Amino acid sequence: MVDFSAMEKDLSSILFNEKQIETRVRELGELISRDYSGKNPVVIGILKGSLIFMSDLIRRLTIPLNIDYVAVSSYGRSTDSSGVVRIVKDLDEPIEGRHVLVVEDIVDTGLTLRYLLDNLQSRRPLSVAVCVLLDKPSRRKVDIKPDYCGFEIPDEFVVGYGLDYAENYRNMPFIGILDRSVYEGK
Ligand code: PRP
């Protein structure tokens, strides 16, 4: 067992352990592989949060595909969405005429995805679908529903498996609820 206690001590609880995540990612992989058979999609990861989910998910996709990345910034160092989305790194390749699958770690207010989907749609892809690992529907500010979702979660601040607080905790292989004492009063 690898010891992650230096970061785990900041959690109030673990929400999904490695095994649970692995099982769900495998299920999503089977579903998506079936739906995208013969479609040669381009799978677009939204950096940085989707980094780990994306790399695990694409290794469970049994179909030919391409990958690309977009880096966006919306939160800065706060725990609350500002609604301001900025593309920090754009796609490397055009997506016109392609089936696109966007991979996100979490959808919260939906503002980031709304902006990105509108942006991607304007490039005339054949289709655009979204796969998120975590969905926090109670926080939604715009009407958006992911096509594929790993887990629905309550309104708690979660970190690990790519998700950060102030750029920390992304490398924990499990997902936990960050203890309020870590960010309250800051
Ligand atoms: C997080 C997450 C989503 C977005 C979701 O990104 O990765 O992109 O917030 O929130 P929303 O639904 O309220 O828009 P963040 O800006 O923290 O960047 P990161 O991916 O680099 O962690």
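Reader: What kind of model is it, and how are residues numbered?

Author: It is a predicted model, in which local features need pLDDT of at least 70, side-chain atom pairs count only at pLDDT 80 or more, and totals for chains, interfaces and linings use all residues. Residues are numbered from 1 along each chain as its sequence is written, and side-chain values use heavy atoms, with hydrogens and water left out.

Reader: How far does helix 2 reach?

Author: Helix 2 covers residues 18-35, and its 18 residues reach 26 Å from first C-alpha to last, close to the 26 Å expected at 1.5 Å a residue. The expected span is 1.5 Å times one less than the number of residues. Helices (H or I, at least four residues) and strands (E, at least two) are DSSP runs, numbered from the N terminus.

Reader: What caps its N-terminal end?

Author: Asn17 does, with a side-chain oxygen 3.1 Å from the backbone nitrogen of Lys19.

Reader: Which residues of helix 2 are buried?

Author: Ile21, Val25, Leu28, Gly29, Ile32 and Ser33. They cover an arc of only 130 degrees around the axis, which puts them on the same side of helix 2; the arc is that of the directions from the helix axis to the C-beta atoms. Lys19 and Arg34, on the other side, are exposed. Buried means under 20% relative accessible area, exposed over 50%, partly exposed in between (1.4 Å probe, protein chains only).

Reader: Which residues have the most contacts inside the largest nonpolar core?

Author: Ile32, Phe53, Leu57, Cys131, Leu134 and Ile175, in a core of 27 residues. A nonpolar core is a set of buried Ala, Val, Leu, Ile, Met, Phe, Trp, Tyr and Cys residues joined through side-chain atoms within 4.5 Å.

Reader: What is Leu57 in contact with, leaving aside neighbours within four places in sequence?

Author: Val25, Leu28, Gly29, Ile32, Val103 and Cys131. Contact means heavy atoms within 4.5 Å.

Reader: Changing topic, which residues come nearest to the ligand?

Author: Of the 17 residues around the ligand, Glu104, Asp105, Thr109, Gly110 and Thr112 come nearest; the cut-off is a heavy atom within 4 Å. A polar side-chain atom of Thr112 lies 2.4 Å from a ligand oxygen.

Reader: And Asp135, buried or exposed?

Author: Asp135 counts as buried because its relative accessibility is 4%. Asp135 lies in strand 6. Leaving aside neighbours within four places in sequence, its contacts include Arg140 and Cys149.

Conventions:
Polar contact = N/O pair within 3.5 Å; in protein donor to acceptor, adjacent residues only side chain to side chain.
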